[in-house]
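User: I am new to this structure. Please show me how to read its features, one at a time.

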Amino acid sequence: MDDWREAQEVLVMDGGIKVPYSWSAGETGTTYLESLRDDKKFLGTRCPECGIVYHIPRRNCPDCFSECAEWVELGSSGELVTYTITRKHHPQLSPLKGVFGYAVIKLDGADTGFVHLISEFDESQLAKGARVEAVFAGEREGSILDVRYFRPVKAVS
Amino acid sequence: MEPVAIVGVGMTKFERDRVRDTFGDLVFEACTRALDDAGMTIDDIDIVLTGSNDFFDGRTISSMAIMDACGSYDKNVSTVEGDGTFGAAHAVMRVLAGWGTCLYCAHHKGSESVMPLITNAMFDPIYERFLGIDSVTSAALQARAYMDRYGVTEEQCAQVSVKNHGNAFKNPYAQLPLQLTIEDVLASPYVADPIKLLDCCPISDGASAVVIAGAQRAKALDAKPAWVKGIGYNCDAYHLGDRDLSKVDALQAASKTAYAQAGISDPAKEVDLAEVHDTFTYLELMAIEGLGLCRMGEAGEFTAFGNTAQDGRLPVNASGGCISSNPVLVAGLNSIIECALQIRGDAGEHQVDGVKTAVAQGVNGPCGQSQCVWVLGGDE
Ligand SMILES: [Zn+2]
């Protein structure tokens, strides 16, 4: 039995699933992304009960389950909570060319962090708590990639 | 908890590119072994539960496609699309609900698709997915947060790779036994800092199965039961920026529940062995701390002193862990099976002496969002 199994080349069918989706950003997400697109401004939502300012904004507070109806304008800079530099990345997943990384960034005025790209850095500039600023795309279309990436804030000389 | 036991276990060998076997072939192999181990036939099974993931399998309702391979026709069937620790917890609940004896199997073939593209798709399609983040880059964010918080070094993480790949030599089911030094791990290339190639698990194919029965049935069998003493599971935030990635809140909460059920008040003293989720080396250190086996931030030193070695005071991943074979979803079930085998004294070459209480841990979701803890024991 083993003999023919070893000799037999098993057939493999190549295929894939390709299904287009159209995901709604919802009313809260649309307000947020419109503000990035039209005004280059980050918005968060504040929980009326615990006072936490959420960025990415959301409709309800996951902690206390209250509705977060109040919008708060946030800074376009903030600090690195944690980061990584990608060294070996799947080409289909690389939105930037050259050296880039990912970070959890807490924007000024927000209590939660969010994940975005980092680029235009020297490795020595990256550390927990380091200041970073948003670099906006020239042509913006209402997507999270209207912010191209974050880069270290240049020291004021 | 009412007494429930694992009365049969079965695993396939884990390998990359198991091209000769379909999903169904793997499931059949694992289920047959579990039934043999329990001294049962498929006719003795009342409930069948399967675990799989549609994206990995490349078919929707993937759980239903292998029903013929696990002998489920005319049986009470349900499916769990999460890690095996959660699936097996569901199996226990079905047994406790009085539906009878349960066969639970989980399968995975990582080699048939493209891992980074699939793990990228677990992230939010509006805010995160376009950024191209995947399981490795997100783990790297957590690794740095954890290492920064406690001053954990890359060398301390590397110990986990050396230890677990070495342990895998004694486990015939493990995929990737490797003789490594800390220097080898440190010299391997960065994939996403601070994670290096030898900090990462491989891509694996395989399946596992368990038979779970209530006390009456378990005691009537010739099989050696491993008793389920406690199970806890808890969830944390989905968005990575919403939680402190350096913390293990969900794991601590799940441990607390599982230990309380098991009557364990001091896990560091009462647990004899642990099988934990170590797809990346830092995760084993976080798991040891989250499970209360040492103090927070001290797992690196705890490991350096040899405590978690196969012959240490509290062996962790004596099987070689996920870093030696990582069939996604099956991985947590493997941890449970390894604990059961250790308690029975049937772990073969990697048997640890005197295991009376063993703990298995599994995770679901990005960066261990959801955590499941099992306590198994030798006595009802
Ligand atoms: Zn609130």
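Analyst: Start with buried area: the accessible area (1.4 Å probe) that two parts lose on being put together, summed over both. Interface size is often given this way. Here chain A and chain B bury about 3100 Å² between them, 64% of it on carbon and sulfur atoms. This is a predicted model: local features need pLDDT of at least 70, side-chain atom pairs count only at pLDDT 80 or more, and totals for chains, interfaces and linings use all residues. Residues are numbered from 1 along each chain as its sequence is written, chains are lettered from A and ligands numbered from 1 in the order in which they are written, and side-chain values use heavy atoms, leaving out hydrogens and water.

User: How many residues of chain A are in contact with chain B?

Analyst: Contact means heavy atoms within 4.5 Å. By that rule, 41 residues of chain A are in contact with 34 residues of chain B.

User: How many salt bridges are there between chain A and chain B?

Analyst: A salt bridge puts a side-chain nitrogen of Lys or Arg within 4 Å of a carboxyl oxygen of Asp or Glu. The count between chain A and chain B is 2. Asp193(B) forms a salt bridge with Arg87(A), with the closest N and O atoms 2.8 Å apart.

User: Now a helix. What is the reach of H4 of chain B?

Analyst: Helices (H or I, at least four residues) are DSSP runs, numbered from the N terminus. The expected span is 1.5 Å times one less than the number of residues. H4(B), residues 84-96, has 13 residues and reaches 18 Å from its first C-alpha to its last, close to the 18 Å expected. Just after H4(B), Gly98(B) takes a positive phi of about 90 degrees.

User: How many residues of H4(B) are buried?

Analyst: Buried means under 20% relative accessible area (1.4 Å probe, protein chains only). In H4(B), 10 of its 13 residues are buried, including Phe86(B), Val92(B) and Arg94(B).

User: Why is helix H12 of chain B described as largely enclosed?

Analyst: Because 10 of the 10 residues of H12(B), residues 281-290, are buried. Among them are Tyr282(B), Glu284(B) and Met286(B). Just after H12(B), Gly292(B) takes a positive phi of about 75 degrees.

User: Is Ser325(B) buried or exposed?

Analyst: Ser325(B) counts as buried, at 10% relative accessibility. Ser325(B) lies in the loop between helix H14 (321-324) and helix H15 (330-344) of chain B. Residues touching Ser325(B) include Phe14(B), Tyr173(B) and Pro202(B). The backbone nitrogen of Gln175(B) lies 3.2 Å from a polar atom of the Ser325(B) side chain.

Note on methods. Helices (H or I, at least four residues) and strands (E, at least two) are DSSP runs, numbered from the N terminus. Buried means under 20% relative accessible area, exposed over 50%, partly exposed in between (1.4 Å probe, protein chains only). A polar contact is a pair of N or O atoms within 3.5 Å; within protein, one must be able to donate a hydrogen and the other to accept it, and residues adjacent in sequence count only if both atoms are side-chain atoms. Lists of a residue's contacts leave out its neighbours within four places in sequence.
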